[in-house]
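Please look over the sequence and the structure shown below.

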Amino acid sequence: SDEREAFSGLSGGRYMCVRLDRRCWLEVEDTRHRYAKNLRRYHYEWIRLGRPTLNFWHWLDEENKDLTLATCSRDKLETENVRYCNSSDRRKYAL
């Protein structure tokens, strides 16, 4: 996978375990890799509403695709993404 390749360079070509900041789990779980801080705002809203569906992602992307929050617009949620770089991508950014 891209993630495996992205982390392989950190250990000289061997895959290694990377400690994940607990605030970023939504970003990692999201297939679109939207920015964790923005996702958390929508996740808090889902919780505030009493978890109206069993699946947060379905609630966010299917049932409420036009939902926008005062603290984070839908446009901001959709456009601010994290890019996980593979080895060739990393070379472009090497110092």
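## Model and fold

Helices (H or I, at least four residues) and strands (E, at least two) are taken here as DSSP runs, numbered from the N terminus. On that basis the chain has 6 helices and 0 strands, and its pattern along the sequence reads α-α-α-α-α-α.

This is a predicted model, in which local features need pLDDT of at least 70 and side-chain atom pairs count only at pLDDT 80 or more, while totals for chains, interfaces and linings use all residues. Residues are numbered from 1 along each chain as its sequence is written, and side-chain values use heavy atoms, with hydrogens and water left out.

Of the 95 residues of the chain, 28% count as buried, that is, under 20% relative accessible area with a 1.4 Å probe and protein chains only.

Arg34 lies in the loop between α2 (25-29) and α3, and is buried, with a relative accessible area of 0%. Setting aside residues up to four places away in sequence, Arg34 is in contact (heavy atoms within 4.5 Å) with residues including Glu27, Leu39, Trp57, Leu60 and Leu77. Leu39, under the same exclusion, touches Leu26, Asp30 and Phe56, among others.

The side chains of Arg34 and Asp61 are joined by a polar contact of 2.9 Å, a term for a pair of N or O atoms within 3.5 Å, of which, within protein, one must be able to donate a hydrogen and the other to accept it, and residues adjacent in sequence count only if both atoms are side-chain atoms.

Technical notes:
Buried means under 20% relative accessible area, exposed over 50%, partly exposed in between (1.4 Å probe, protein chains only).
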